[in-house]
Amino acid sequence: MARANVARQVVGSPNFNTLNTRIAVIRFQKAPGEIHAARKITGLEFRVEAQGDVIQQGTSADGVIKMRVRGESSDLLLLFGGQVVARYEVSIALEELDETLLTHGLQQHLRALGYHIGHGGPAKDGVIDVPAEPTPPTPPPPPKPQENALDFERSVLDFQIDQSDDGQAIVPNGDPTGVTTARISREADI
Amino acid sequence: MDKHTVAEGDCILSIANLHGFLWESVWNHPANAELKALRQDPNVLLPGDEVTLPEKGEKEESRGTDARHKFQIRTNLAKFKIRILLDDQPHKDAPYELRLASGDVRKGNLDFEGFLTEEIPADVTEGQLVVGPANDRLTWGLKFGGLDPIDTPSGVEQRLLQLGFDSQKDAKTRIKAFQKKHHLDETGEVDAKTRLTLKEQYGQ
């Protein structure tokens with residue numbers, strides 16, 4: 001169990017203790033794309049564990065879980081009939097997803113939205129165009145843009161079809177309005 | 001005069017209670033002036049601190065023998081006040097259950113600012129706090145008297161962790177994240193301004 005070190009107070013003291021818990025809002029749905037009633041998962045039973053202790057449990061009515069995260073990471077367990085059917089390790093990073101104007105940022109957003117973008121890249125999550133660290137101890141291998149080009153192209157096409165855009169599978173980098181990238185960014189910003 | 005060396009979980013309230021004094025008699029004793037100036041808060045001491053105990057004296061009360069008299073002994077009352085936040089927002093009106101190691105259970109609802117205030121025995125050292133409705137509960141183990149002074153590295157670390165800066169990998173990164181959030185110079189070092197802001201944010 002998470003242990004909090006707290007102080008007693010003398011009567012009349014203005015002092016107090018504080019316990020603040022971080023929240024990650026996670027949406028589960030039946031298919032990638034926009035939030036839609038048909039994609040909702042109702043009665044989603046879940047449990048959150050941190051350092052081996054259950055810190056939260058409940059049932060989500062619409063697939064949205066406001067998960068409490070303690071320490072470096074907490075585990076989100078999805079249950080069906082009381083049995084664990086999926087486990088996700090969730091950590092809260094200070095930095096957000098990168099901008100969708102960058103290829104790897106676009107890939108991160110598509111992946112978060114549930115589109116299949118392959119298994120390329122250093123983390124094998126389909127995000128291939130990862131910028132190098134400012135001072136890497138050893139230089140990472142050069143990115144391979146062709147590694148999952150087809151999967152990436154397909155995920156963009158799927159997204160455009162979902163959004164009723166022209167299904168060109170082309171990310172309009174030169175488009176001054178940046179319609180497609182802006183939409184992906186907004187959709188992934190849950 | 002006897003001395004009491006502070007152990008984990010001790011505070012002036014619990015020490016006074018243990019040795020049969022009122023907490024004010026111990027804290028305001030001239031022999032503890034240096035400790036008082038150093039720690040400032042009677043209930044946030046550091047293990048290893050030395051507390052001088054006053055000499056015990058007898059107190060006489062004269063009453064007539066032809067009537068029944070009632071004598072009431074003053075005792076040390078401790079208060080426990082804590083604010084529960086979810087992503088920096090008060091967990092307002094949430095039901096809570098405070099289970100003390102002594103067996104007492106206190107139930108109620110947090111106020112609109114997320115505060116819980118309960119009187120507790122001065123010598124209780126452990127407890128459990130459960131907050132939220134049955135389908136969405138948060139649970140903590142509590143170590144009363146475990147909070148270290150804010151001018152110690154451990155005291156800073158405890159406050160940062162409990163304020164939710166617990167996802168960062170080390171103390172320096174935690175301090176930087178706290179400084180960034182509160183628009184302070186992001187040095188990763190605990191300067192006077194950072195310490196003061198931390199004290200205000202944590203509550204002591």
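1. How many salt bridges are there between chain A and chain B? The count is 3, a salt bridge being a side-chain nitrogen of Lys or Arg within 4 Å of a carboxyl oxygen of Asp or Glu. A:Arg3 and B:Glu126 form a salt bridge through their side chains, with an N to O distance of 3.5 Å.

2. On the basis of the note: this is a predicted model, in which local features need pLDDT of at least 70 and side-chain atom pairs count only at pLDDT 80 or more, while totals for chains, interfaces and linings use all residues. Residues are numbered from 1 along each chain as its sequence is written, chains are lettered from A and ligands numbered from 1 in the order in which they are written, and side-chain values use heavy atoms, with hydrogens and water left out.

3. On the extent of the interface: 33 residues of chain A are in contact (heavy atoms within 4.5 Å) with 59 residues of chain B. The buried area between the two chains is about 4300 Å², with 47% given by carbon and sulfur atoms; buried area is the accessible area (1.4 Å probe) that two parts lose on being put together, summed over both. On the side of chain A, the residues that lose the most area to chain B are A:Arg8, A:Phe16 and A:Leu19, together 21% of what that side buries.

4. On strand pairing: strand E3 (17-27) of chain A is among the strands that each supply at least two residues of the side touching chain B. Strands (E, at least two residues) and helices (H or I, at least four) are DSSP runs, numbered from the N terminus. E3(A) gives the most to that side, with 7 residues. E3(A) and strand E3 (residues 77-86) of chain B run parallel, joined by 5 bridges; strands pair if DSSP finds at least two bridges between them. A:Asn17 has B:Ile82 as its bridge partner in E3(B).

5. On the fold of chain A: there are 3 helices and 8 strands, in the order β-β-β-β-β-β-β-β-α-α-α along the sequence.

6. On helix H1 (residues 12-19) of chain B: its buried residues include B:Ile12, B:Leu13 and B:Ile15. The buried residues of H1(B) pack against E2 of chain A, and also against elements of chain B, including E3. Just after H1(B), B:Gly20 has a positive phi of about 80°.

Notes. Buried means under 20% relative accessible area, exposed over 50%, partly exposed in between (1.4 Å probe, protein chains only).
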